[in-house]
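Visitor: I have a model open and want to go through a few side chains. Can we start?
Guide: Go ahead.

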Amino acid sequence: MDALIQMLPPFLRKISTHHDFPGQRLAERVFQVIVVISGIIGFIVGYYTQQLSHSVYIVFIGSAIASLVVLPPWPCFRKQPLPWQKPIDHTKEETKKDK
């Protein structure tokens, strides 16, 4: 994945590409709600028109909308980043062991 990111232009490499854990939970919930609502609407429209293709189109459009809403790393999905530990400097540890 890092090789693919290195192939991007420099201005695109600066864009954050992650969701934090609460953001992942929110994204999953939003995706499920949009897909279920589009499924219900698709079922009702398909039943009313007696066309399965109408149901499939509506569910497909709902899935596409949900993907556009959830997949990009919007700021609402990155509000609580994880506090990472500072990296350990192994050169200092080796000099302490040698003494």
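Visitor: How far apart are F43 and Y47 in helix α3?
Guide: This is a predicted model, to begin with. F43 and Y47 are four residues apart in helix α3 (residues 21-49), so about one helical turn separates them.

Visitor: How many aromatic pairs are there?
Guide: The count is one aromatic pair. It is made by F43 and Y47, with ring centres 6.2 Å apart.

Visitor: Why is the pair stacked?
Guide: The planes of F43 and Y47 are at 20°. Planes under 30 degrees apart count as stacked, so this pair does.

Visitor: And are F43 and Y47 buried or exposed?
Guide: Both F43 and Y47 are exposed.

Visitor: Other topic: S55. Where is S55 found?
Guide: S55 sits in helix α4, which covers residues 52-70.

Visitor: Which residues is S55 in contact with, leaving aside its neighbours within four places in sequence?
Guide: G42, F43 and G46. The S55 side chain also reaches the backbone oxygen of G42, at 2.6 Å.

Visitor: Why does S55 count as buried?
Guide: Its relative accessibility is 13%, and buried means under 20%.

Terms used. Residues numbered from 1 in each chain as written. Predicted model: local features only at pLDDT ≥ 70, side-chain atom pairs only at ≥ 80, totals over all residues. Heavy atoms only, no water. Phe/Tyr/Trp six-rings, centres within 6.5 Å; stacked < 30°, edge-to-face > 60°. Helix = DSSP H or I, 4+ residues; strand = E, 2+ residues; numbered from the N terminus. Buried < 20%, exposed > 50% of the residue type's maximum accessible area, 1.4 Å probe, protein only. Polar contact = N/O pair within 3.5 Å; in protein donor to acceptor, adjacent residues only side chain to side chain. Contact = heavy atoms within 4.5 Å.
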